[in-house]
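Visitor: Hello! I am new to this structure and would like a close look at a single part of it. Could you show it to me first?

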Amino acid sequence: MRVITEWMRRFAVRGVFWRQYLDWALFNVPFYFLPVLVWFWTTFFFFFAAPARRAVFSNLEVILPGSSRLMNYLRVWFTMYNFAWTIAEGSHYKLNKSHFLYDIDGTHALERLARAKSAIVLTAHMGNYDLGAALFAEKFQREIRMVRAPEPDRQTARHLDKTLEKTGAGAVRVDYTTNATSISFDLLQALRENQIVSIQGDRAVEGSALASTKLFGREAKLPTGPFILSQIAEAPIFPLFIVRLGYRHYRIIVREPIVCERSGGTREEIVSASLQQWSATLQEMIMHHWDQWYAFVPTFSKK
Amino acid sequence: MKNVPPNEARSNYFALPRLIRKLSGGDATPSESNWPEAVSMGSVVYLISYLFTTNLLLPRLGWWQTAIVLPLLLFGLWIGWLIVLYINSLIATGCQRIGLCADLPRRRVQSVLMGILTTVFAAQLLTAGPWLRAIGALWILGVALNLAAALLLALFHDEPSQL
């Protein structure tokens, strides 16, 4: 019975079957038929991935207040459509090392990041963050430690790990926020060894340090770990996002670093000020790219 | 700062637009990065298979059944294509095992098989009403021109042609 349950889990919305199917399709389906398949698969998941649909819908109600329900459902579909393309193109890069067009918004900040001895890249579940890390590692020949929220499905997590490590040609290492204490020490060590650590700062993960902040006028809990880490390791935080502009075309957006200096206040005050800076940047990004914010869990507190 | 990989951004996949590009002094290197080409060709393939299926089914259905079947068929056909793609992939694997098209990527073999199947659908449309006949004829003409362009590109010692 357990074997059957385990096997069936492969076909759950976050099951590994869909990831494997995607790899199969990229290997077996002509590129010109992919838009048709992506359109239909998006529609399929729009109906069958109900928790994700509801989460995006509830987030959109806060981001774009006053919109009709129908309009927001269309926006949810569009967000899922972008997500489908994002993971498809990410896998395409992994399997075929295909070329991508990318623009850079914030060249100066990106160059500073590339030159930094050690740094924290603070990003969001937005656009193609996996591809972004791989491109960065390849372009600047830097190792990246990527911290992610754990995947609910073990096999999917293993598949994603392999994908990311293959995409980054060994320069991207993935860690999960399952054990907040041990990972904090690992990341601190990585920063002291002059590595770049990439953390997704838009989702509250159970067991990690969180603080409330204002996002779109509503209360949202965001992780404070990156700011504490930055303060201890004396490493700057670079907000970085990679948004999809079109077919195999991305924009890397880098903002000037958030510096959590030890002087000038208590640790709590500094963390709070940095968190506010981050939430302002995050809000600006989400406002412009709500259709690429893949927050498939509710982010905002209920009124 | 913009990073544009060579020959990727504005090139084509199919032989006919590549030949036109070459004749007008442009670059004929095959590319899978052309979004308008991907969307238009994928939609046309799907449209022809949809028209073929509706043409088979509609004469047997009443008006109310037609009203139900037409939208459902849009999604039913997607399932049908998934099965066809899987069978085609098995054929492609089989061909490659016996040494046929061994140096071609599997999605290129799949493209040839899809092209053959869609042309069969289009040929069937030639026996239908005037609009469907025109669509079928246009597809067949397009395939013929593309094959001719592929041949010409091969004679020009170009890259392997895309069918």
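Visitor: In which loop is N194(A) found? Please take a close look at that residue, and then show me what surrounds the topic.

Guide: Gladly! Please keep in mind that this is a predicted model. N194(A) sits in the loop that links α9 (180-192) to β5 (196-200) of chain A. As for its surroundings, N194(A) has 13 C-beta neighbours inside 10 Å, so it counts as partly exposed.

Look for R248(A) in the loop between β8 (237-246) and β9 (249-254) of chain A. Its setting is another matter: R248(A) has 23 C-beta neighbours inside 10 Å and therefore counts as buried, whereas N194(A) is partly exposed.

Now go back to β5 (196-200), the strand at one end of the loop that holds N194(A). V197(A) is among the residues with the most contacts inside the largest nonpolar core, a group that also includes F33(A), I120(A), M126(A), A133(A), F238(A) and F241(A). That core has 100 residues. In soluble globular proteins, nonpolar side chains tend to be buried together.

Elsewhere in chain A, you can follow two helices as they pack. Helix α5 (residues 69-96) of chain A meets helix α7 (residues 129-140) of chain A at an angle of about 35°, and their axes are 9 Å apart. On the α5(A) side, E89(A), G90(A) and Y93(A) make the contact, and on the α7(A) side D130(A), L131(A) and A134(A) do. Sorted by class, this contact has three nonpolar, one polar and two charged residues.

Within chain B, the axes of α2(B) and α3(B) come within 10 Å and cross at roughly 130°, so the two helices are oblique to each other. The crossing is right-handed. From α2(B), S49(B), Y50(B), T53(B), T54(B) and L57(B) take part, and from α3(B) come V69(B), L70(B), L73(B), L74(B) and L77(B). That contact has seven nonpolar, three polar and no charged residues.

Finally, let us see where the chains meet. The contact takes 20 residues from chain A and 27 residues from chain B. On the chain B side, β1 (2-3), α2 (35-57), α3 (63-97) and α4 (106-125) each supply at least two residues, and α2(B) gives the most, with nine residues. The chain B side divides into 14 nonpolar, seven polar and six charged residues.

Note on methods:
Residues numbered from 1 in each chain as written. Chains lettered and ligands numbered in written order. Predicted model: local features only at pLDDT ≥ 70, side-chain atom pairs only at ≥ 80, totals over all residues. Contact = placed C-beta atoms within 7 Å. Helix = DSSP H or I, 4+ residues; strand = E, 2+ residues; numbered from the N terminus. Nonpolar A, V, L, I, M, F, W, Y, C, P; charged D, E, K, R; others polar. Axes fitted to C-alpha atoms, helices over the stretch in contact; angles between N-to-C directions. Parallel < 35°, antiparallel > 145°, perpendicular 65-115°, else oblique. Left-handed = near helix turned anticlockwise from the far one by under 90°. Buried ≥ 20, exposed ≤ 12 C-beta atoms within 10 Å, placed from the backbone. Core = buried A, V, L, I, M, F, W, Y, C linked by C-beta atoms within 7 Å.
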